[in-house]
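Please read this briefing alongside the sequence and the 3D structure. The points are grouped by topic.

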Amino acid sequence: MSSTTIFRSDPLAVPPSPASVSPSPDVPVVVCRGVAKAFGEGESAVQALRGVDLDVRRGELLMLVGPSGCGKTTLISIIAGILTPDAGTCHVLGVDQRCLPSDAAVDFRAKNIGFIFQAYNLIPSLSIQDNVAIPLLINGVPRPEARERASAILRDMGLDDRIHASPETLSGGQQQRVAIARALVHKPGLVVCDEPTSALDHVTGERVIRLMREAVHERGATLLVVTHDARIFPFADRIATMDDGHILDVHDGTGEAI
Ligand SMILES: Nc1ncnc2c1ncn2[C@@H]1O[C@H](COP(=O)(O)OP(=O)(O)O)[C@@H](O)[C@H]1O
Ligand SMILES: [Mg+2]
């Protein structure tokens, strides 16, 4: 059975190889069906997701938008394998991460998914070069090569003069660029970001989303962005609107040219 087999619905099936996977171009990179998730139990339970269906197409920038508390972070956390759904299925690059043994699931995420967190999550005791090298080191790339590849992508991000600096000495926009470089350096098929521009001023926010779009497109990856920042909506290929644990609507964006 190939490692790119799609829709592995049989939980007893032999899990696929956790190596990087790339299903055929017409298969969506993310396929969620009936995804439900509650937090807590009994009367205090919060139903965060109430049966979400969502496809993210290969190569697109899909923005997930909606009011605070509607379930956006919960949904991308399930897609990224950080949370497990109570019901429904979620396939990423053809793989249901719940069907993998836990080591293989960790390996699958490390190879195939890049995360950009709102708080950047850079490690202050490491240089920005070493911060960016982390996903490569996790994937077994020798340190000299990892540092070389980290420097190369930081050059692309316009940060080549800062590679030995500590993250704390950088501006918010520069730290965001380091976080983008770290999410992309190992060439994941899917990049997910939670509110990437909400802490940035207008000019920096627009620059960051352009950079992210360009960097992801160049590497043939797919980008899923959670945002309530209307300033960046024009950069979406498609926009999925959420409310109260549901996807209300998915429509084409303008996908403004870079
Ligand atoms: N770890 C958690 N424990 C309890 N409730 C949570 C937790 N995470 C999220 N929730 C609740 O689930 C709902 C959806 O949250 P979230 O996915 O963070 O929404 P959004 O990202 O759209 O603001 C909210 O009511 C939130 O309070
Ligand atoms: Mg959120």
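In this predicted model, Met63 has Ile239 in β9 as its bridge partner. Two strands pair if DSSP finds at least two bridges between them; strands (E, at least two residues) and helices (H or I, at least four) are DSSP runs, numbered from the N terminus. Residues are numbered from 1 along each chain as its sequence is written, and chains are lettered from A and ligands numbered from 1 in the order in which they are written. Because the model is predicted, local features need pLDDT of at least 70 and side-chain atom pairs count only at pLDDT 80 or more, while totals for chains, interfaces and linings use all residues.

**β9 and its other partner**

- β9 is also joined to strand β10 (residues 246–252), by 6 bridges, and the two run antiparallel.
- Arg238 has Asp252 in β10 as its bridge partner.
- β9 and β10 form a hairpin with 2 residues between the strands, and Asp244 there takes a positive phi near 45°.

**Arg231**

- Arg231 lies in the loop between β8 (222–226) and β9 (238–243).
- Is Arg231 buried or partly exposed? Arg231 counts as partly exposed because it has 13 C-beta neighbours inside 10 Å; a residue is buried with 20 or more other C-beta atoms within 10 Å of its own, exposed with 12 or fewer, and partly exposed in between, the C-beta atoms being placed from the backbone.
- Leaving aside neighbours within four places in sequence, Arg231 is in contact (C-beta atoms, placed from the backbone, within 7 Å) with His202, Gly205 and Glu206.
- Glu206 and Arg231 are 25 residues apart in sequence, and their C-alpha atoms are 7.6 Å apart in space.

**The open sheet**

- An open sheet of 4 strands has the order β2-β1-β4-β5, with antiparallel pairing.
- β2 and β5 (95–96) are the edge strands, each pairing on one side only.
- α1 packs on the sheet and touches β1, β2 and β4. The direction of α1 makes about 120° with that of β1; axes are lines fitted to C-alpha atoms, for helices over the stretch in contact, and angles run from 0 to 180 degrees between N-to-C directions.
- Strand β1 (residues 30–39) pairs with β2 in the antiparallel sense over 8 bridges, and Val35 has Val52 in β2 as its bridge partner.
- The hairpin of β1 and β2 has 6 residues between the strands, and Gly40 in the turn has a positive phi of about 80°.
- β1 is joined by 5 bridges to strand β4 (residues 87–92), running antiparallel. In β4, Val92 stands opposite Val30, and Cys90 is the bridge partner of Cys32.

**Around ligand 1**

- The residues around ligand 1 (C-beta atom, placed from the backbone, within 6 Å of it) include Phe39, Gly40, Val46, Lys72 and Thr73.
- β2 (46–56) and α1 (72–79) are the elements that give two or more residues to this shell.
- The largest share, 3 residues, comes from α1.
- The shell divides into 4 nonpolar, 7 polar and 1 charged residue. Ala, Val, Leu, Ile, Met, Phe, Trp, Tyr, Cys and Pro count as nonpolar, Asp, Glu, Lys and Arg as charged, and the others, Gly among them, as polar.

**The whole chain**

- The chain has 6 helices and 10 strands.
- Of its 258 residues, 41% are buried.
- Among contacts with a separation of 6 or more, 69% are between residues 24 or more positions apart.

Notes:
Two residues are in contact if their C-beta atoms, placed from the backbone, lie within 7 Å.
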